[in-house]
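Hi,

Here is the structure I promised to pass on to you. Have a look at it first, and then read my notes below.

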Amino acid sequence: MKRVYNSRKRILVTGGAGFLGSHLCDRLLESGAEVLCVDNLFTGTKRNIEHLLTHPRFEFMRHDVTIPLYVEVDEIYNLACPASPIHYQHDPVQTTKTSVHGAINMLGLATRLKCPILQASTSEVYGDALTSPQSEGYWGNVNPIGIRSCYDEGKRCAETLFFDYHRQHALPIKVVRIFNTYGPRMHPQDGRVVSNFIRQALLDEDITIFGDGSQTRSFCYVDELVEGLIRMMNSDPEVIGPINLGNPHESTVLELAELIVRLTGSRSKLVRRELPSDDPVQRCPDIKLAKEHLNWTPKVELSDGVMRTIEYFRDLIGSAAPHEVS
């Protein structure tokens with residue numbers, strides 16, 4: 001039941017010490033809420049929330065969402081899951097458990113508390129899409145037994161659970177599908193193109209291009225993505241999703257690499273490697289529903305957002321021991 005002893009919202013963010021989660025915690029605290037940040041620190045890090053640890057309305061709990069959690073909150077943002085191929089393929093069984101068991105546990109908590117819960121799903125539910133841009137009505141082209149399946153199918157199953165809890169228990173849910181997001185606090189070893197290219201460029205290492213570099217991605221700056229999450233949670237009850245959140249402007253991987261080399265003034269060379277299995281060729285969101293229901297459109301230019309991210313990585317690399325960034 002709803003907590004009535006404090007008018008201030010207490011909000012649970014699972015995966016709150018991660019890249020996205022930590023920025024979300026920042027924004028929720030700025031709004032005046034109390035924030036309970038839950039993370040097992042598999043890919044998240046205390047460095048991302050270090051500035052919050054003494055905040056009077058912030059609480060950190062080290063916990064794995066595959067284990068039930070018993071707390072009292074008013075809203076839940078479920079962001080817990082490794083989101084980069086390097087990390088989610090490290091322990092694919094645990095990745096699936098995090099998506100599925102984690103969803104079950106958080107949905108059970110939300111059902112007991114009768115509180116709204118938002119699921120951070122992913123554009124990976126579309127797989128190697130056969131149509132572009134991808135709209136929410138597209139059911140996807142996912143390999144169910146490939147090396148990315150632990151993440152793709154885990155997130156698809158989580159969406160199923162969210163909608164079944166909504167239908168079976170009248171639970172207030174919100175589901176967003178997040179497209180490529182970047183910005184400060186990205187993990188330097190997450191294997192994603194933005195963090196990879198920036199780290200390699202700053203160290204004057206060869207920049208690794210998989211395939212011919214013509215595959216496209218749509219890059220959304222983290223602050224704008226977090227704004228979309230909050231608008232979704234605060235949207236009308238009948239707006240449950242799924243709703244795409246991402247930047248509809250496509251860039252090729254090669255264009256991104258060339259931009260980062262130019263902005264960093266790097267001496268790095270571009271080198272080609274074989275395209276990984278099941279790597280999507282084209283990824284671009286149709287954000288018509290986000291515009292209509294959330295009045296949300298990303299506006300940060302790629303060059304501006306990348307420059308802010310470069311400055312973060314420059315400070316990180318400058319203050320880290322060599323083994324921490326190489």
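Let's start with two helices. Helix α1 (residues 19–30) packs against helix α7 (residues 222–233) at an angle of about 65 degrees, and their axes are 10 Å apart. Helices (H or I, at least four residues) and strands (E, at least two) are DSSP runs, numbered from the N terminus. Axes are lines fitted to C-alpha atoms, for helices over the stretch in contact, and angles run from 0 to 180 degrees between N-to-C directions. On the α1 side, the contact (heavy atoms within 4.5 Å) is made by Phe19, Leu20, His23, Leu24, Arg27 and Leu28. From α7 come Val222, Asp223, Leu225, Val226, Glu227, Leu229 and Ile230. These residues of the contact divide into nine nonpolar, one polar and three charged. Here Ala, Val, Leu, Ile, Met, Phe, Trp, Tyr, Cys and Pro count as nonpolar, Asp, Glu, Lys and Arg as charged, and the others, Gly among them, as polar.

A word on where this comes from: it is a predicted model, in which local features need pLDDT of at least 70 and side-chain atom pairs count only at pLDDT 80 or more, while totals for chains, interfaces and linings use all residues. Residues are numbered from 1 along each chain as its sequence is written, and side-chain values use heavy atoms, with hydrogens and water left out.

Next, the sheet. Two strands pair if DSSP finds at least two bridges between them.

Leu12 stands opposite Leu36 in β2, and Arg10 stands opposite Glu34 in β2. Is β2 buried or exposed? Six of its six residues are buried, so β2 is largely enclosed by the rest of the structure. Buried means under 20% relative accessible area, exposed over 50%, and partly exposed in between (1.4 Å probe, protein chains only). Both faces of β2 are covered, with Glu34, Leu36 and Val38 on one side and Val35, Cys37 and Asp39 on the other.

Helix α6 (residues 193–202) is largely enclosed by the rest of the structure, because eight of its 10 residues are buried. Among them are Phe197, Ile198 and Arg199.

Back in α1, you will find Asp26. Asp26 is buried, with a relative accessible area of 15%, and touches His51, Leu52 and Arg185, not counting residues up to four places away in sequence.

Finally, how many disulfides are there? A search of the whole structure finds zero (a disulfide is a pair of cysteine sulfur atoms within 2.5 Å). For Cys25, the nearest cysteine sulfur is that of Cys37, 4.4 Å away. Cys25 is buried at 0% relative accessibility, whereas Cys157 is partly exposed at 30%. The sulfur of Cys157 is 12 Å from the closest cysteine sulfur, in Cys81, which is too far for a bond.

Happy exploring!
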